[in-house]
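Here is a short briefing to read alongside the structure. Take a moment to turn the model around, and then follow the topics one by one.

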Amino acid sequence: MTDFDRSEDRKRADEARLATEAGRWRARSRRVQLYRRLLPILIVLLAGGALTWTVFRTVMSGVERNASASKEISLDNPMFHGQDAQGRSFVIGAQGAVRDPATGRFRLNGPVLRLNLGGTKITELTADAGMYNETARSVTIGPNVKISDGGSGFTLTTPEAVVDTATGVVTGDKGVQGRGPLGTISATSYAIYEQGGRVVFRGSGDNKVQGTISPSSGG
């Protein structure tokens, strides 16, 4: 093989490599151009989808709130009357009440509960707000609960009180302070039985008190 032949072989090999590299470059260039056209479209679709979903959820939430609100029943100065298992009457009043259609419970604003022992013995409870569950026969009121106990003569203040309208028992475990015929008292929890006929206090920590007040019967 002459030098001329070898030179021609190298020239052809170089041309082949250049053709291969040029083909690769063109293919890569086509992919880049394709991505440049598709990526903006994909970004616009994703952003549009996210915006559409956000607007949809906002609108649906508003519709659901309006539908729920429209089904609520608001009452001004309502009065609920009932009797416990022993036939003793109670009255649940409030400045206002809203019935939740989903649960049937009443949200009370400024509730006033009166548990009647008969005669002048009436235990009265007031608070800023409350919840009346007519089905479960319970009323939970608070905060700023004030209890004027007709049986013991004590006036109690506590953050929360739970009234079982089936038994007439009033309980609370968020602390309580009281003032009455026997002086003052501070306890961790309390329970008022027999519509005020018996009051039980229990304490822990700094409130070590534990005892029962059972005033003499009489009207």
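Predicted model: local features only at pLDDT ≥ 70, side-chain atom pairs only at ≥ 80, totals over all residues.

**Around I141**

- I141 sits in strand β9.
- Although I141 and G110 are 31 residues apart in sequence, their C-alpha atoms are 9.2 Å apart in space.

**The loop between β9 and β10**

- Strand β9 covers residues 138-141 and strand β10 covers 145-148, and P143 lies in the loop between them.
- The peptide bond from G142 to P143 is cis, and its omega is near 0°.
- N144 is found in this loop too.
- N144 is not a glycine, yet its phi is positive, near 60°.
- Is N144 buried, exposed or partly exposed? With a relative accessible area of 41%, N144 is partly exposed.

**The loop between β8 and β9**

- R137 is found in the loop between β8 (129-133) and β9.
- R137 also has a positive phi, about 55°, although it is not a glycine.
- The relative accessibility of R137 is 33%, so this residue counts as partly exposed.

**Aromatic rings**

- How many aromatic pairs does the structure hold? There are four.
- In one of these pairs, the rings of F80 and F106 have their centres 4.9 Å apart and their planes at 55°, so the pair is tilted.
- F80 belongs to strand β2 (residues 79-83) and F106 to strand β5 (residues 106-109), so the pair ties together parts that are 26 residues apart in sequence.
- Both F80 and F106 are buried.
- Ring pairs also bring Y132 into the picture, linking F80, F106 and Y132 into a cluster.

**Salt bridges**

- Side chains of opposite charge can pair when their charged atoms come close.
- How many salt bridges does a search of the whole structure find? The search finds five, and three of them are described here, starting with the pair E21 and R24.
- The side chains of E21 and R24 meet with an N to O distance of 3.3 Å.
- E21 and R24 both lie in helix α1, three residues apart, which is about one turn of the helix.
- E21 is partly exposed, with a relative accessible area of 46%.
- A second salt bridge joins R114 and E124, whose closest N and O atoms are 2.8 Å apart.
- This pair links distant parts of the chain, with R114 in strand β6 (residues 112-118) and E124 in strand β7 (residues 121-126), ten residues apart.
- R114 is partly exposed at a relative accessible area of 37%, and E124 is partly exposed at 27%.
- E160 is partly exposed, with a relative accessible area of 22%.
- K174 counts as partly exposed as well, at 48% relative accessibility.

**Surface patches**

- Which residues form a positive surface patch? They are R26, R28, R30 and R31.
- R30, one of the residues in this patch, is found in helix α1, which spans residues 3-71.
- A residue counts as exposed when its relative accessible area is over 50%, and R30 has 52%, so R30 is exposed.
- A nonpolar surface patch of about 920 Å² is made by L34, Y35, L38, L39, I41, L42, I43, L45 and L46.
- Among the residues of the nonpolar patch is L45, whose place is in helix α1.
- L45 has a relative accessible area of 58%, so L45 is exposed.

Technical notes
Residues numbered from 1 in each chain as written. Heavy atoms only, no water. Patch = residues over 30% accessible without salt bridge, like charges linked within 9 Å, V, L, I, M, F, W, Y side chains within 5 Å. Areas by Shrake-Rupley, 256 points an atom, 1.4 Å probe, with all protein chains shown as cover. Salt bridge = Lys/Arg side-chain N within 4 Å of Asp/Glu carboxyl O. Lys, Arg positive; Asp, Glu negative; His and termini not counted. Charge placed at Lys NZ, Arg CZ, Asp CG, Glu CD. Helix = DSSP H or I, 4+ residues; strand = E, 2+ residues; numbered from the N terminus. Buried < 20%, exposed > 50% of the residue type's maximum accessible area, 1.4 Å probe, protein only. Phe/Tyr/Trp six-rings, centres within 6.5 Å; stacked < 30°, edge-to-face > 60°.
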